[in-house]
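Dear colleague,

Please find below the sequence and structure that I am handing over to you. A short account of the findings comes after them.

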Amino acid sequence: PGMQEYVFNKGMSFETLNDEQLCSAVLGSLFRVASEEHDNTVSGSSNMGRFVSYDEELTNAHDIHRILNFLEVDLSTEGAIERIETQRKKKSNGGRGVAWEGEDNDPSHVSHAVRNANADFLQTEMNHRKL
């Protein structure tokens, strides 16, 4: 379904959504479409996709290499692994990357408006998919 139908099926309308709800509705809708497409390819004749856990699979070199192998990326090129490791240790800040030191995993800085919006949309979709 389109965004308008997606929001309507949640018993809401665009006119009543605040900014946080609108953002979460967009993410929830995109997540639903991606999940349905993934389910279709898994149950069909070919598997065109793979879910990636950003919290687990993109934090270490071993899992990144597994993902790149799934995508059929050639890692035999001289310097490829070193370039991947250099990028893995950075985070973007307007094109002047700095060494990545991890993210603040303390959820206390997330506003109640964002928590409530995510409960209405994104978290509902994730729970539906049992992620």
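The following paragraphs describe the overall fold and then the salt bridges.

Please note that this is a predicted model. The protein has six helices and two strands, arranged along the sequence in the pattern α-α-α-α-β-β-α-α. Of its 131 residues, 20% count as buried. The accessible surface amounts to about 9,700 Å², and carbon and sulfur atoms contribute 53% of this area. Among contacts with a separation of 6 or more, 42% involve residues 24 or more positions apart.

K10, R32 and E125 are linked in a network. R32 lies in helix α2, so its pairing with E125 in helix α6 joins parts that are 93 residues apart in sequence. E125 is buried, at 2% relative accessible area, whereas K10 is partly exposed at 26% and R32 is partly exposed at 23%.

The remaining pair, D63 and R66, meets at 2.7 Å, N to O. These residues are three apart in helix α3 (residues 61–70), and therefore about one helical turn separates them. D63 counts as buried, with 14% relative accessibility, while R66 is partly exposed at 41%.

Yours sincerely

Terms used: Residues are numbered from 1 along each chain as its sequence is written. This is a predicted model: local features need pLDDT of at least 70, side-chain atom pairs count only at pLDDT 80 or more; totals for chains, interfaces and linings use all residues. Side-chain values use heavy atoms; hydrogens and water are left out. Helices (H or I, at least four residues) and strands (E, at least two) are DSSP runs, numbered from the N terminus. Buried means under 20% relative accessible area, exposed over 50%, partly exposed in between (1.4 Å probe, protein chains only). Contact means heavy atoms within 4.5 Å. Accessible areas come from the Shrake-Rupley method with a 1.4 Å probe; for residues, only the protein chains shown count as cover. A salt bridge is a side-chain nitrogen of Lys or Arg within 4 Å of a carboxyl oxygen of Asp or Glu.
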